[in-house]
Amino acid sequence: MSGMSLAIRKTGLVTSVGLSAPAACAAMRAKITNPSETRFIDSTGQWIMAHQVPLEQPWRGIAKLARMAALAIDEALAEVPRTEWPHLPLLLCVAERDRPGRLQNLDDQLFGMIESELGVHFHADSAIVPQGRVSVALALAQARHLLTRPGIGRVLIAASDSLLNWPTLSHYDRQSRLLTEVNSNGFMPGEGAGALLVGPADEDAQALLVGGIGFGKETAHIDSEEPLRAEGLSAAIKSALADAGLQMHDMSFRITDVSGEQYYFKEAALALSRTLRQRKTAFDIWHPAECTGEAGALAGASVIAVADMACRKQYANGPAILAHMANDGGQRAAMTLHYRGA
């Protein structure tokens with residue numbers, strides 16, 4: 001294995017179907033979904049439906065991102081004394097910089113607003129990871145390096161994102177990518193936040209382990225006119241499997257960020273055909289976004305939190321999980337997860 005295994009110590013989730021990891025994961029297990037009308041109207045004159053996070057006040061914009069992130073971080077750090085919080089590097093995952101409608105000054109303001117919400121200043125090695133749906137995978141790779149430094153025993157990864165602003169929604173509406181009554185090949189937009197407390201894998205501790213991490217680049221991305229062969233996602237999966245010393249048939253099931261568009265389901269199917277060399281009678285694919293909506297950077301945190309809870313509650317299809325994520329711009333990421341019981 002080329003990199004150390006990471007242990008997921010604690011998770012936090014804030015979604016439209018639950019404001020904590022146990023609540024959100026229970027809702028996703030039951031396939032509960034609760035989209036509601038937004039303030040926006042699409043090009044056909046219909047209200048745009050979305051997965052909106054219900055908070056105690058009607059925050060919007062960066063203020064809502066900060067509040068959601070603070071709630072998720074509070075949950076993930078519930079068992080860590082507050083005196084230790086300043087010693088944790090925070091890797092904050094947000095929307096990619098070229099995403100349509102991205103909030104202005106997001107990188108400059110969000111981190112400080114989260115610290116103000118929590119009343120803490122995180123470690124100087126904290127950083128912003130502005131890579132959308134693949135952000136959490138990149139943050140986990142960064143966490144590997146941080147954990148080799150003296151004095152850093154744990155790393156906090158948080159993600160907060162929302163597609164629920166008019167510049168973003170109008171762009172996807174013009175591209176016919178929103179799920180509507182007249183368009184079944186689309187996604188329902190969403191928002192939310194997640195947090196992961198990670199550390200080195202102890203030999204005797206019960207935990208979900210991140211073993212392999214891999215990345216790829218897809219030239220035939222969703223906005224291109226090239227034929228899709230899933231070469232980028234296949235490369236990411238092969239890299240993650242090689243990093244962990246595993247084969248595709250060793251995985252029990254898959255969990256991904258796909259949120260409804262045919263392109264990404266086709267890509268997942270093609271990548272499977274290019275990487276699976278031994279027949280499996282069943283190889284399920286889970287996609288939490290069917291309950292939470294397409295929520296950008298939240299995807300990676302949601303995928304891992306759902307896998308962690310499924311393993312701890314013993315309703316997972318097995319202990320070995322392949323997770324993969326994809327950005328519209330072509331960036332691809334994959335991770336191998338393995339649950340080690342007590």
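Which residue in β3 is the bridge partner of Glu37? In this predicted model, the partner of Glu37 is Met49.

**The β2–β3 hairpin**

Strand β2 (residues 36-41) pairs with β3 in the antiparallel sense, over 3 bridges. The two strands form a hairpin with 5 residues between them, and Gly45 in the turn has a positive phi of about 90 degrees. In a regular strand, side chains alternate between the two faces of the sheet. Strand β3 (residues 47-50) has a covered face made up of Ile48 and Ala50, and an uncovered face with Trp47 and Met49.

**Aromatic pairs and charges over rings**

A pair of aromatic rings is described by the distance of the centres and the angle of the planes. The count of aromatic pairs comes to 5, and two of them are set out below.

| Pair | Centre to centre | Angle between planes | Arrangement |
|---|---|---|---|
| Tyr172 and Phe187 | 5.3 Å | 75 degrees | edge-to-face |
| Trp286 and Tyr315 | 6.4 Å | 10 degrees | stacked |

Tyr172 belongs to helix α5 (residues 166-174) and Phe187 to the loop between α5 and β7 (191-200), so their pair ties together parts 15 residues apart in sequence.

Trp286 is buried at a relative accessible area of 19%, and Tyr315 is buried at 15%. Ring pairs also bring in Phe253, which forms a cluster with Trp286 and Tyr315.

Two arginines sit over aromatic rings. Arg82 lies over the face of Trp85, at 4.2 Å from the ring centre. The charged end of Arg133 is placed over the ring of Tyr264, 5.3 Å from its centre.

**Nonpolar cores**

In soluble globular proteins, nonpolar side chains tend to be buried together. Here the largest nonpolar core has 54 residues. Its residues with the most contacts inside the core are Val136, Leu140, Val155, Ile157 and Met335. Helix α9 (residues 298-312) supplies the largest share of this core, 10 residues. Leaving aside neighbours within four places in sequence, Leu140 is in contact with Leu6, Ile157, Val198, Val210, Ile213, Ile304 and Met335. A second, separate core has 31 residues, among them Ala70, Ile73, Leu92 and Ile114.

**The chain as a whole**

The secondary structure comprises 9 helices and 12 strands. For 342 residues, a compact globule would have a radius of gyration near 20 Å, and the value of 19 Å for this chain agrees. Along the principal axes, the C-alpha atoms fill a box of roughly 60 × 50 × 35 Å. Buried residues make up 58% of the chain. Of the contacts with a separation of 6 or more, 78% are between residues 24 or more positions apart.

Notes:
Residues are numbered from 1 along each chain as its sequence is written. This is a predicted model: local features need pLDDT of at least 70, side-chain atom pairs count only at pLDDT 80 or more; totals for chains, interfaces and linings use all residues. Side-chain values use heavy atoms; hydrogens and water are left out. A nonpolar core is a set of buried Ala, Val, Leu, Ile, Met, Phe, Trp, Tyr and Cys residues joined through side-chain atoms within 4.5 Å. Buried means under 20% relative accessible area, exposed over 50%, partly exposed in between (1.4 Å probe, protein chains only). Helices (H or I, at least four residues) and strands (E, at least two) are DSSP runs, numbered from the N terminus. Contact means heavy atoms within 4.5 Å. Rings of Phe, Tyr and Trp (its six-membered ring) pair if their centres lie within 6.5 Å; planes under 30 degrees apart count as stacked, over 60 as edge-to-face and the rest as tilted. A charge sits over a ring if NZ of Lys or CZ of Arg is within 6 Å of the ring centre and within 35 degrees of the ring normal. Two strands pair if DSSP finds at least two bridges between them. The radius of gyration is taken over C-alpha atoms; the globule rule is 2.2 Å times the number of residues to the power 0.38.
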